[in-house]
Structure formats: structure tokens, C-alpha cells
Amino acid sequence: MDIFLVEAIINGILLGGVLALLALGLNLIFGVIDVVWIAYADIVMCGMYVIYVLYTHYDVPLLFACLAGIAGMAAFGVAVHLLIIAPVLNSAPINQLLATGGLLFFLQSFATLLFGTDFRNIGVRLPVVEVASIYISFARLIAFLFGLIGAVALYLFLKRTYIGTAIRAVAQDRDIVGLMGIDQRRIYLATSAIGGALAGLAACLLVLQYDVHPFIGNTFGPVIFMICVLGGLGNMIGGFVASFIISQIIAIGGYYSNTELSYVLAFTMFIILMFVRPRGLFAR
Amino acid sequence: MKTSRRTLLKNSVAAAAALSLDWRRARAQSETVRIGVVYDLSGPFAAGGSVASAVGTQIAIDLCNEKGGVAGKYKVVPVKADSQSKADVAINEVERLINQEKVDIIDGIYSSAHAVPLAAKVEEQKKILWITTAVATAVFKDRNLKYVFRAQIHSDQYGEAFAAFLTEHAKQKLGVEPKEVKVAIIHEDGPYGAGVAAADEAYSKKAGLPIVLKEGYSAAAPDLSSLVTKLKRARPDIISHIGYNPDITLFLRQAREGGLRFKMLFGAGAGYSQLDKLRATFGKDIDDFCNIDPVPAQLLDPKKLAPGLGELITLMVERYKAATKANDVPPHCSMGFNQTWILLNHVLPLAKEKYGGFDPEAVRKAALDVDIPPGGTIQGYGVKFFPPGTPLSGQNARSTPVVMQNAGEHIAVVWPTNIRTQEPVLPLPKSSVYAL
């Protein structure tokens, strides 16, 4: 087998892990609260800045900077829910979309104001794993593994804990859960915190691979939305599988045709699948 | 004394004439030149050189105003706009400057993707578009523009310099004939990347350099690892990379992690000219990389330039460093400064003196009259615009690029050979993480 093709496939799998992690939080929030956080990738950007500042300006060890990034984004997720989502929770979807869209511009502009437009990075260089002339980025490997761990942990949390069960109950029928003694408001806050923490986790993994700048959300935002819609908005398993479908189209398509065309292929495939299954591949 | 009707009429005319004279004088003293200045001050292009160009432009305006303004009399008032790294915003902002701010001259424009539609838009409205930084040849090629000017180099010249440098040094430095030097060209897919890549391809073919891969990608792509894999498969000796940022840092990082090796990498300005920022990310990894772009003025020997330009360069460098706290002054500062300086000090005074004002027609005629010999601007080249009716109407016929090489924290000029400040290092030394 062509060794370069194997490398392209492995790179696709690793990219899929990163995208899956990003899609996970967004799907969770949509599935439960029924609001699309357009600014989700920009919350990841905020997490990256938190880690960058703590690590490079305050010499906080990277592990603690990452933990602070996760905790900070969990708190930020709660704040976003209380300040932006809760007031428009019962409004028309377009109003909710505009509110989170406004947050996107606010976060980008605020980051520009605070940090300028420069590209910054934490300067950590992780080793490269070489197996049979195939090079695998350790940073990507870690991101992939944490993506998997994050997905499994979330699955277990949702299946095995009371809050997880309550979150699933709200996702299934938000009108009836009140009768079962579930405090919807608490569940929304918990979901926003978990969604924010997942954005923080994604930030930890992306900061090892990408420069931080106020517009990095634009790099991932459209692809993540495509993945979530493809998997069925709110369907976490669907989003997970869709991440790998899209990443493999990008990787293998790019290898056989060209990089530009691979994204065209991915979007074309997305449009075709939307015709075939308008509610997403895994919609019930 | 009784005043006759004739005397009254005479006195009235005299008074009116005197008043009118005073009014005209007062008007001359207070007359200003309002210029729209458009750059990407936010979005990904900002850190890719657009802000540096904007700072250079502002320094030129400040220096002009400090000596009294255009021709020592007419203060320059910049009306600034942020095109946010988006073509639609650039178009809307220029529309606003022209229609609401009533500005006749637009100065700036970093991205070729913005310059291409803007050139058509401004030309249609018969206003002046004075491009400082965007380099795509496509902005001018076969469009017979009359109101759009660019003293800057154009993208075809990047390809010319790339192929000429390799042809000149292949045998001596790489020990092989040019026809054995395998070249790969990768580029962002906007007019800038596509334009320079097409020129690289055309001139490489002309010089007999075999091209083993030519591929475009979106500057916003989240992953370039399959491109790295394909480059490894193609095994080029030389890579020409035409990108903005953050695609440049993404590619270099994934290239290092993917084990891509080569003998030399050529950048084509944009992110590759932001040495401070690249070094902050990659440290010594980018040492000895080549970069083709207009020369940063401070690298030229001031003795070879017209009198006074050496001092001007020193002032520009001092002010840029004071404004940005940067160690390195990128070529983009020189681009913004130089083009604006040419407009304010060579074109506009002529427009006023010879053609009676700063209206687009006067500025257009004055621009076509400008004739600056080589050595007459801070970037070394002269200025003579191609006239209407020629394939590159509005483009400077005397602009020239240079090949630079990262030498530690500074940049050295390595081509053209007659003005080089350092012998080129080729291939990359074995100590480089990218060395073949």
C-alpha cells in the first residue's frame, strides 16, 4: 500500500479527533438547550488566550494553565447562558441566532482590543513520532486521544449519572421534565458549563497546534457546524462519526486531487447527504 | 461729497476684488487634501503586513504635514477605514469614503483579493485608487485602467526573481544544472497567491526548472497535512510558498512535524516578511529561508539613493519602531510609506501646480507625468507609470523586487547580485530542521 496514502489517512483520523471534540460541546448544548451557539469556536479562542496568557505571561505550568482554561471556559459557558441565552430562550430561533452571532463579533473585537491582531503561540514543541517512515504529530495524537477520552467520558456521564440522565431527559422532552422533578434551569446551567469546559479542553489541545489570534474561530466554525448538521444537530454520536467522515474526505480527497478541491468535495458531499437525509445522517 | 454712480460702481468692484483676493488667500491657507486610507486593521491580514503598511502610510502623512503639507501648503487629512480582511467590507468602506466622505483619492489596500474588485469599482466612479501593498498583476493586466495606480512591484516580478535567482545559483550552489532543480509551488488561492504562483510557474518553465507540484489551498484551511504528504511524495528541492497568515505558520509547523525536507524555501512577502512574528513562533527554524518582496528600505545603501532619502529612511525606521515596539521593520512598512510618499510629494504637488487641483482628473494626469529615475525612491526603484492603452496601464514600469534571506534576527539582500548585502546561503545548512 502507498505509504503516503497511509500517512494521509492517519492524518485524517487525527484531524477527525480534533473536529469531533469541537463538535461534541456544540452538539451537547444544542441537543439540550435547543440554541445554536454560533460563537462556540470563539469561546475556544478565549480558552486558548487564557492558556497563552497564564503560560507565557505568568509562568503557570502548562498543565495548570490548561486546567484553568477548562475551568474558566466552564464558568464562561455559564455566564453566556445567564447573560445571553436565558433572556432569549423563549424567543424566535432567529433572535437566538442573532444573540449568539453578536457574541461572536463581541469576542473577536474584544480579543483584538486586548491582544491586537498578532499571531501568538505558547512555543511548546512536542516530539514527532516516526513509525515506518510515517510521521505522526504528537500534538495531534494527544488531541485525538483526548478527543476520544472526552467523548467516552461525556457518554458515561450522560448514561451513568443523575445529572447526565436529567440532561438527556431535557434533551428528549423539555416540557415534560418539570413534572419529573427536574429543575430545567439547573440542567441548562450544567449543560452550558459542560459545553464551556469541552471548549476549554479543545482550547488546550488546539493551543499546542495552532497560533492564537482573534479570528481563529473562523478557521473551525464553518467546518464544525457542517459536521454537527451532517451528524444531526444535537446528536452527539452523529457528530462524532461525521467528524471522521469529513476529515477523511478532506485528507484522502486532498491526497488524490488537491487541497482546495478536498474542501469542495467535503461540502458537496454534505449538500448531497442533506438532500438524502435532511435532518442529518443519524437523526432519529 | 456726493458720490457718483460711476464711482460707486468702481469702488464696489475694487472692494469685491480685494475681498475675493483675501478669501482666495484664506482658502489656500486652509485648503486640505482629504485622502481615504484603507487597510485591514483587523482580521487575519492585519498581522500579515497590513497594519505595518498602515503604520508606514501614517508616518508618510505625518512627515508631509510636518513640513507644511502637500507642496508645503496643503495639509493632508487621512480618512481611515478598516476593511477587516474581507472583500465585501473593503468595497463598502471605499463606497462610503467616496460617496459619503466625498473623498477623491483612496490610498492603501493590502490584499489583492480586495484590490481586484476595488480597481473596477473606483475606475467606474472616476476616482483615484492608489494601491500601496496589494501586488497581483491581475489588478491591472489588460484592464486599461486610467484612475488606478501602483508604484509597487507586481506579482509577475516575483516569478521572474524566483527563476532568475535559481538559474543564477543552481550550478554554483546546488551543483546541478537548473533543469535538475525540482520545484514545488504551493499558494493560497486568492488573486495574490494564484498570481504569484502563475508567474513562478511561467518563469520556472521558461528557465527549464522542472515543476513537480503546484497546488493551491484556502488561507483559512484548518489543516494542510495532506499537502505536506504530497510534497514529501513529490520530493522537491525548492519550495515556493505564497501565503498569508496563519496559513504560513500552519504549513511550516505541519511540515516540520510531517518530516518534510527541502533545500530551500522561498516565501513571497506577506507573512514571510513579518520576521519578528515568524521568529516568535519558529525561532531559528526559519533561518536562511529566502523571501521575495520589495526591499525594506533600511537594507539599501543610502549612498546609492537620491540625496535626502537616507535621512528619510532613518526617520521612517525610528518612527515605525517607536510606534510598534518592533525589532524588525518589515517591507510592508516601506511599501505603505514609499507609495504614500510618492503620492504626496511627487504626484499631488504636480497635480496642483500643473493641472490646478487635487481632483481625480488632475491627479491622474500628474501621475502619468511623474518620472522618477532608479534610485529616486526609498525602495530603490524609479517610477514611471504605464500609460493607458498598454497592457499594464497604471502599473509602475520601473519597480523591482529583491530576494532576501533571513539572517538571524535580521534580513539580508541576496539578489540582485549587484546590490546584495550577503552571499546567499543555498542549500539550507544541515543544522536546519528542514534541511534535506
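Domain bounds, as used here, come from an automatic or database domain assignment. On that basis chain B of this predicted model is divided into domain 1, covering 31–153 + 300–369, and domain 2, covering 156–293 + 402–419. Two contacts are described below, one between chain B and chain A, with 32 residues from chain B and 31 residues from chain A, and one within chain B, where 21 residues of domain 1 are in contact with 20 residues of domain 2.

**Between the chains**

- In the contact that takes 32 residues from chain B and 31 residues from chain A, the elements of chain B that give two or more residues to its side are strand 7 (211–217), helix 7 (225–234), helix 8 (247–257) and helix 9 (275–282).
- Helix 7 of chain B provides the largest share of the side that touches chain A, namely 7 residues.
- Sorted by class, the side of chain B that touches chain A holds 12 nonpolar, 12 polar and 8 charged residues.

**Between the domains of chain B**

- The C-alpha centres of domain 1 of chain B and domain 2 of chain B are 28 Å apart, and 21 residues of domain 1 are in contact with 20 residues of domain 2.
- On the side of domain 1 of chain B that touches domain 2 of chain B, the elements giving two or more residues are helix 4 (112–124) and helix 11 (331–355) of chain B.
- Helix 4 of chain B gives the most to this side of domain 1, with 3 residues.
- By class, the side of domain 1 of chain B that touches domain 2 of chain B is made up of 13 nonpolar, 7 polar and 1 charged residues.

Methods. Residues are numbered from 1 along each chain as its sequence is written. Chains are lettered from A and ligands numbered from 1 in the order in which they are written. This is a predicted model: local features need pLDDT of at least 70, side-chain atom pairs count only at pLDDT 80 or more; totals for chains, interfaces and linings use all residues. Two residues are in contact if their C-beta atoms, placed from the backbone, lie within 7 Å. Helices (H or I, at least four residues) and strands (E, at least two) are DSSP runs, numbered from the N terminus. Ala, Val, Leu, Ile, Met, Phe, Trp, Tyr, Cys and Pro count as nonpolar, Asp, Glu, Lys and Arg as charged, and the others, Gly among them, as polar.
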